[in-house]
Amino acid sequence: MHKQLALILLAAATALAPADAAPRRGQAAVDVDPQNRGPVSGTGIEMRDIIGMSDRIVRDLLQRADIVGTAVPPRIILEGSRIRNQSSQRIDTDLFSDQLRAQLIRAAAGKLRFLSRETISDVAAERELKREGQTDVGTRGMTRAVAGSDYRLIGRITSQDARNNSTGMTQRSTQVVFELVDMETTETVYISEPFVVVRAQRDDIVYR
Amino acid sequence: MLGLAFALLAAQPAPPAPAAIQPAPPAPDARAIARQRAEWKRQYGEGPYPDETEAFLASKPEPLRPYWANLWRGGERNAVVNFERLGLAAMEVGDYRTAEAAFDAALLRIESVYAKDRLASRARDTFAKEANKDFKGEPYERAMAYYYRGLLYLRAGDYGNARAAFKGAEYQDTVSESEEFQGDFAMMNYLIGWAGRCQSLTGGDVDGAADFAAARAAQPDMVVPPPAHNLLMISETGAGPIKAQDGAMREKLVFRSPEAASPERETRFRLGPNTAGSSEIIAQPLSSLSFQATTRGGRAIDGILRGKASFKSTTAGIGNAALQAGFAMMTSRDEDTRNAGAVASGVGLLFALLSSAARADADIRHWDQLPETLAVATAVRPKDPRVEVRFIGANGPLPMPPAALMQGGDARCGIIWARSRSALVPGDVPGDDPRVRAAVAKRRDAAAKDKMLRNSLSQL
């Protein structure tokens, strides 16, 4: 009986013992390679996905002699507003357009020209000032009209969420596809390989 | 306070020399400051200290100060609900930038996975209350955080992210143990459809038909907005559900409606000038939050809490029985029986202690600003932006002007959002357990997280 009581006391003491010490020290800011998985990640699209996807598209496009190898560089419009987020992840689509535009401009080295329709009202105002004589003509001269585009790069982000309610596992599949559309004929002259990310995670049971 | 005063004095440029000799102001007493900080250290631990709180709140607008203060003092454990309360209060006072930042911060935490979190594992512990965990809210509360963020995206004309937010809200409704309760949040399906339709006005092929159909499956009376309609009107009325504990060991989480029936029976919108010929548009109720809260069909943690309650009642039963038997045996004339009785009493006492140490209480912290009913109406957006909102009761119009009114969107897709009840509610997080709160705040890991939260708040 005394031995049993001692065992019960031991079990109670074990159960009541505090959990092992938590990491108490803070974490100073660390540099994380944007192309690698960081210390914090979720099931959605991350920066490393955007960089990797942009890199693939740049490589694809630069191999297309019918687009990049022409004597006169084609003009392309690429804006975040034309990258349609139809996924269940809230995301700033400018992340995609800025990354793509920067990588394409740098890698194409003049073989592709990009038009900024986002600033067209600023351009129109400046053109008017020049033509009214309120400013001089600048150093590059004037054109009869603003540049027209040959292509527009558009994209679409879609996703599918799934959940296993018995295990609490959640999974999100995200797909991103880009197309280069001929602005004269509507023909799709290039479509990127679908970039698919599937990630799963499970929250603690106290939140399920 | 002395520290702040000292800092302010130190930051002041030297004043020009006065014409007459003035008595010099008393120099800050370094020892008094040190004593004060030592006292605060004893009282508040790692903080926040009163001078830090005062300095933080000084830059915040008056109506939102109580919510910022709760957030500042509440730490990570209550950060989600405090961000939600701040966000909705900010929407009411028209501070949309703060509202966006607050709901973004709440959703960031809701979407975080607590894979190896010590407070989450402590919430599962038999001898600790569920309320130890960081608050994320029940699915209906999480859905409403996505919903309000979605409304703010609609206001800003960002229809893709609005749709993503409403999808996040709808997804929370699928987090149900029971299949029969999944996907019945008609309002969220409706808003996914509406945002998709707005998005397709700039190109694309999302017409929202499938989402309107899903809303209609949950709410058969729902009217699909005609294609020409480009103005969405949302009305929120009544007081949303509150949480309570039930069961012998307070282990059951139950939802109660604070009102038997909301006095607001109907919401009517009048667009443009209020002239004799102008008509009112009646909003159609689509979802009830009490229904959403009570039809989830159970939580995974309910099984753990039932186990804790069972442990508590079983150990109490054994303890009582052993104590009674032991005391009875200790009155025996036989020495061996008396000794056995003493041991039995000891074992009984141990079980009684284990029972009293077990904590089966359900966590009843909740978001207290939520409405009961969500209703919608649509129209062709008039050029005149004036809008009048009336709440109608059983005997006619109620003397209840809208507590909040938000208008936004763009020419393609507009939004009007109105609430009958004010979100500027007083007090701290309702349902919080002050003892658990104080105990968690003393944990060094929690204190470190709280300090990081306060640092991030200072940058908001």
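The following conversation sets computed values against the definitions behind the terms.

Guide: Please note that this is a predicted model.

Visitor: What makes Cys198(B) and Cys413(B) a disulfide?

Guide: Their sulfur atoms lie 1.9 Å apart. A disulfide requires a pair of cysteine sulfur atoms within 2.5 Å, so the pair qualifies. A search of the whole structure finds 1 disulfide over all chains. This pair links distant parts of the chain, 215 residues apart: Cys198(B) belongs to helix H10 (residues 186-200) of chain B, while Cys413(B) sits in the loop between strand E10 (404-409) and strand E11 (414-419). Both cysteines, Cys198(B) and Cys413(B), are buried.

Visitor: Why is the disulfide of Cys198(B) and Cys413(B) called left-handed?

Guide: The torsion about its S-S bond is about -80°, and the disulfide is therefore left-handed.

Visitor: Why is Val123(A) called partly exposed?

Guide: The relative accessible area of Val123(A) is 33%. Buried means under 20% and exposed means over 50%, so a value in between is called partly exposed. Val123(A) is found in helix H5 (residues 120-131) of chain A. Together with Ile120(A) and Val146(A), Val123(A) forms a nonpolar patch on the surface, with about 200 Å² of accessible area in total.

Visitor: How many helices and strands does chain A have?

Guide: Chain A has 5 helices and 6 strands, and along the sequence they follow the pattern α-α-α-β-α-β-α-β-β-β-β. Of the 208 residues in chain A, 36% are buried.

How values were computed: Residues numbered from 1 in each chain as written. Chains lettered and ligands numbered in written order. Predicted model: local features only at pLDDT ≥ 70, side-chain atom pairs only at ≥ 80, totals over all residues. Heavy atoms only, no water. Patch = residues over 30% accessible without salt bridge, like charges linked within 9 Å, V, L, I, M, F, W, Y side chains within 5 Å. Areas by Shrake-Rupley, 256 points an atom, 1.4 Å probe, with all protein chains shown as cover. Salt bridge = Lys/Arg side-chain N within 4 Å of Asp/Glu carboxyl O. Helix = DSSP H or I, 4+ residues; strand = E, 2+ residues; numbered from the N terminus. Buried < 20%, exposed > 50% of the residue type's maximum accessible area, 1.4 Å probe, protein only.
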